[in-house]
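Let's walk through this one together, starting from a single spot and then zooming out. Have the viewer open and follow along.

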Amino acid sequence: MVCRMFRLETEVDKARRDLLRTRLRDTNTAASPILRALRGTPGERDVPLHVWAVNDTDDLAGGLVGYTWATWLHVTYLWVDERHRGRGLGARLLAQAEHIATTSRGCSAARLETWDFQAPRFYVKQGYEVVCAVPDYPPGVTEYMLTKRLG
């Protein structure tokens with residue numbers, strides 16, 4: 001009977017999205033002492049963390065884009081130009097991000113996602129462990145989530 005009281009809409013609505021995010025955050029904060037303790041602290045917000053590999057003419061050889069939040073480093077993107085792969089540049093980018101995350105931001109762990117055709121073996125070599133595999137995401141591809149304890 002309750003469902004008849006509401007109409008369902010499917011359009012993209014950024015204002016409603018933001019309101020929903022705020023309400024979900026408030027609900028989660030009320031339910032979790034950990035999230036409640038983060039409120040009003042620097043750890044409450046995502047803080048961008050970027051590491052770039054550039055040459056003298058500012059050509060991009062590789063980069064890492066991520067953020068830190070609640071003592072975690074989240075690696076969103078890591079890419080190395082094909083001409084520079086296999087020389088340790090990806091490992092250096094990742095190590096630099098981990099160093100910043102631990103020494104400047106108090107992080108104790110890192111996480112990332114990668115597809116089977118990308119770099120799961122690379123991340124395992126860097127000390128990451130596969131904690132989840134999602135087959136057929138997208139169809140025909142497996143997505144992996146990996147984590148690593150830092151420090």
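Is Gly62 buried or exposed? Gly62 is buried, because its relative accessible area is 0%; buried here means under 20% relative accessible area, exposed means over 50%, and partly exposed is in between, using a 1.4 Å probe and protein chains only. Before going on, a word on what you're looking at: this is a predicted model, where local features need pLDDT of at least 70 and side-chain atom pairs count only at pLDDT 80 or more, while totals for chains, interfaces and linings use all residues. Residues are numbered from 1 along each chain as its sequence is written, and side-chain values use heavy atoms, with hydrogens and water left out.

Back to Gly62, which sits in strand β2, residues 60-69. Setting aside neighbours within four places in sequence, Gly62 is in contact with Val51, Trp52, Ala53, Trp79, Val80 and Leu93, contact being heavy atoms within 4.5 Å. Gly90 is 28 residues from Gly62 in sequence, yet their C-alpha atoms are 7.5 Å apart in space.

Now zoom out. The protein chain has four helices and six strands, and along the sequence they run α-α-β-β-β-α-β-α-β-β. These elements are DSSP runs (H or I of at least four residues for helices, E of at least two for strands), numbered from the N terminus. The chain is more spread out than a compact globule, because its radius of gyration is 19 Å, well over the 15 Å that the globule rule gives for 151 residues. That radius is taken over C-alpha atoms, and the rule is 2.2 Å times the number of residues to the power 0.38. Along the principal axes, the C-alpha atoms fill a box of roughly 65 × 40 × 35 Å.

How much of the protein chain counts as buried? Of its 151 residues, 28% do. As for contacts with a separation of 6 or more, 48% of them come from residues 24 or more positions apart.

Most residues other than glycine have a negative phi, and most peptide bonds are trans. Ala70, in the loop between β2 and β3 (72-80), has a positive phi of about 50°. Ala70 counts as buried, because its relative accessibility is 18%.

The loop between β5 and β6 is worth a stop too. Asp136 is in that loop and has a positive phi near 60°; with a relative accessible area of 54%, Asp136 is exposed. Pro138 is found there as well, between β5 (129-134) and β6 (143-149), and a cis peptide bond with omega of about -5° joins Tyr137 and Pro138.

Thr142 lies in that loop too, but here the relative accessible area is 17%, so Thr142 is buried. Beyond residues up to four places away in sequence, Thr142 touches Thr114, Trp115, Asp116, Ala133, Val134, Pro135 and Asp136.

Last stop: the cysteines. How many disulfides does the structure hold? It holds zero, a disulfide being counted as a pair of cysteine sulfur atoms within 2.5 Å. Cys107 counts as buried, because its relative accessibility is 6%, whereas Cys132, at 32%, counts as partly exposed.
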